[in-house]
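Take a look at the model below. Then follow the chain from its overall build down to one helix.

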Amino acid sequence: MRELAYLRPDDVGDAVAAVSGNPRAQYLGGGTNLVDHLKLGVTSPELLVDVRRLPLDEVEEVAGDDGPVLRVGANVRNSDLAAHPVVRSVFPAVARALLSGASGQIRNQATTAGNLLQRTRCVYFQDVTTACNKRDPGSGCSAIGGYARYNAILGASEACVTTHPSDLAVALAALDATVVVQGPDGERRVPVLELHRLPGDRPEQDTTLAHGELITAVELTAGRLTRRSTYYKARDRASYAFALVSVAGALQLDGDTVTDVRLAWGGVAHRPWRATVAEEALRGSAFSEEAVLAACERELSAAVTSEESAFKVPMVRNVSALVLGRLAKEDR
Amino acid sequence: MQAEITLTVDGTEHRTTVDTRTTVLDLLRERLGVTSPKKGCDHGQCGSCTVLLDGRRHLTCLALAVAHDGAEVVTAAGLADAADDELHPVQQAFLDHDGLQCGYCTPGQVCSAVGMLDEAKQGHPSHVSDDLEAEPELDDDEIRERMSGNLCRCGAYAGILAAVREAARS
């Protein structure tokens with residue numbers, strides 16, 4: 001590990017100024033991903049700006065234009081957010097997603113913003129002896145033609161075929177959360193769907209944030225739809241494993257008619273994949289398992305797979321049917 | 001870069017200078033001589049370095065010491081009440097149910113179980129809880145899920161499960 005300077009500013013403005021002013025500075029939150037990367041040599045900042053003790057650890061209920069808003073501070077721990085009574089009752093997909101991630105110890109350490117900004121677990125990204133365009137731009141992609149079980153099937157590029165590892169991000173994508181971001185020139189709001197990006201020819205860039213921008217909060221608007229939401233994670237082990245595929249869904253029925261639906265997929269792309277084609281096909285139609293499967297087929301017509309990742313197509317389609325089927329049962 | 005920090009470990013306050021790259025685990029083991037937390041994988045995958053940090057179960061291998069200036073750490077060695085020479089109930093349950101073979105993962109398992117039981121007492125749900133809003137009942141599936149961050153290479157899981165089950169009931 002290289003020499004490392006460390007700063008712990010008392011306020012958000014000082015933290016943003018410290019990172020913005022130094023291209024080799026990084027924020028440190030709970031550290032569960034970053035400290036590992038320091039050891040592995042995946043990243044080697046010269047300055048860490050510790051934001052974990054900034055006063056961004058409250059969960060507040062505030063009024064919003066479209067209903068009550070839950071404003072989650074960036075430093076709220078994953079375990080505390082999953083256990084929050086409003087999250088459990090009004091945003092069950094968020095609680096389920098958080099509880100399916102990592103372990104009890106890690107959820108006590110990991111923060112809300114850090115969860116969204118964690119980096120891929122692609123084995124090549126984490127192994128500095130291999131080529132990886134995300135870690136070392138221009139070096140190539142070892143996952144193409146390599147170990148492909150966890151590779152993306154949607155929106156990948158010739159430069160990068162990896163997936164985003166966060167469960168929380170998938171649930172937030174389904175529920176149209178907003179991320180509050182502080183930059184050197186002020187605050188802006190970013191729909192969570194616009195936070196993460198597809199790899200294109202710049203896979204080193206996970207998100208649309210500029211260097212130095214700091215996530216200070218995540219906002220969720222409550223509604224009937226968010227209460228009828230859930231999350232399912234398919235993985236190689238029953239616990240403490242990353243997703244092969246995951247599905248966050250929300251459903252509103254009037255009789256058998258789908259009046260509203262949300263479907264977001266994890267483990268299939270470089271960012272949480274909002275299945276808008278499938279949602280559009282389902283909205284207004286009669287709810288049935290066959291209808292969900294057919295809608296997902298349409299979404300997946302653009303899928304590109306290898307022999308090792310081809311299983312993800314039927315898996316994400318079938319898990320979507322499972323998730324929406326469960327929600328339909330609850331709603332009837 | 002060096003930084004001066006204070007860490008309270010099992011009731012003893014330590015004022016020490018650390019390199020900013022030092023983890024809490026390395027500080028405890030290499031500098032302070034507190035060898036109860038073990039270094040297994042050193043990458044947050046095995047749980048053998050688990051302690052209670054500011055009251056909650058926490059990995060020490062993925063924590064920089066400088067970021068935890070002022071923290072209070074309780075290791076498995078500090079759980080027992082030294083004054084009356086009695087083990088912590090979770091430690092006693094591990095002995096009573098053979099919740100170990102080689103013992104390397106045990107301090108982490110014990111700290112994790114203590115933290116986990118406290119989380120359950122506070123009503124925290126888990127991945128396997130059917131009803132997110134109900135008070136959790138620590139059946140075997142719940143215990144397995146909540147302890148999944150602690151690996152045992154000897155495979156003493158049957159005994160660990162029995163130990164935690166008993167500790168949950170006492």
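What follows is a short tour of chain B.

This is a predicted model: local features need pLDDT of at least 70, side-chain atom pairs count only at pLDDT 80 or more, and totals for chains, interfaces and linings use all residues. Residues are numbered from 1 along each chain as its sequence is written, while chains are lettered from A and ligands numbered from 1 in the order in which they are written.

Start with the whole chain. Chain B contains five helices and five strands. Helices (H or I, at least four residues) and strands (E, at least two) are DSSP runs, numbered from the N terminus. Read from the N terminus, the order is β-β-α-β-β-β-α-α-α-α. The C-alpha atoms of chain B fill a box of roughly 50 × 35 × 30 Å along the principal axes.

How much of chain B is buried? Of its 170 residues, 48% count as buried. A residue is buried if 20 or more other C-beta atoms lie within 10 Å of its own, exposed if 12 or fewer, and partly exposed in between; C-beta atoms are placed from the backbone.

Now the sheet. Five strands of chain B form an open, mixed sheet in the order β2-β1-β5-β3-β4. Strands pair if DSSP finds at least two bridges between them. β2 (12–19) and β4 (56–58) of chain B each have a single partner strand, so one side of each lacks a neighbour in the sheet. The twist averages 40 degrees from one strand to the next. Inside the sheet, β3 (residues 51–53) and β5 (residues 72–74) of chain B run antiparallel, joined by two bridges. There, B:L52 stands opposite B:V74 of β5(B).

α3(B) packs on this sheet, touching β3 and β4 of chain B. Contact requires C-beta atoms, placed from the backbone, within 7 Å. The direction of α3(B) makes about 140 degrees with that of β4(B). Axes are lines fitted to C-alpha atoms, for helices over the stretch in contact; angles run from 0 to 180 degrees between N-to-C directions.

Finish at helix α2 (residues 89–96) of chain B. Which of its residues are buried? They are B:V90, B:Q91, B:A93 and B:F94. These four lie on the same side of α2(B), because they cover an arc of only 160 degrees around the axis. The arc is that of the directions from the helix axis to the C-beta atoms. Their cover includes α3 (106–121) and α5 (157–169) of chain B. After α2(B) comes B:D98, with a positive phi near 50 degrees.

Notes: Contact = placed C-beta atoms within 7 Å.
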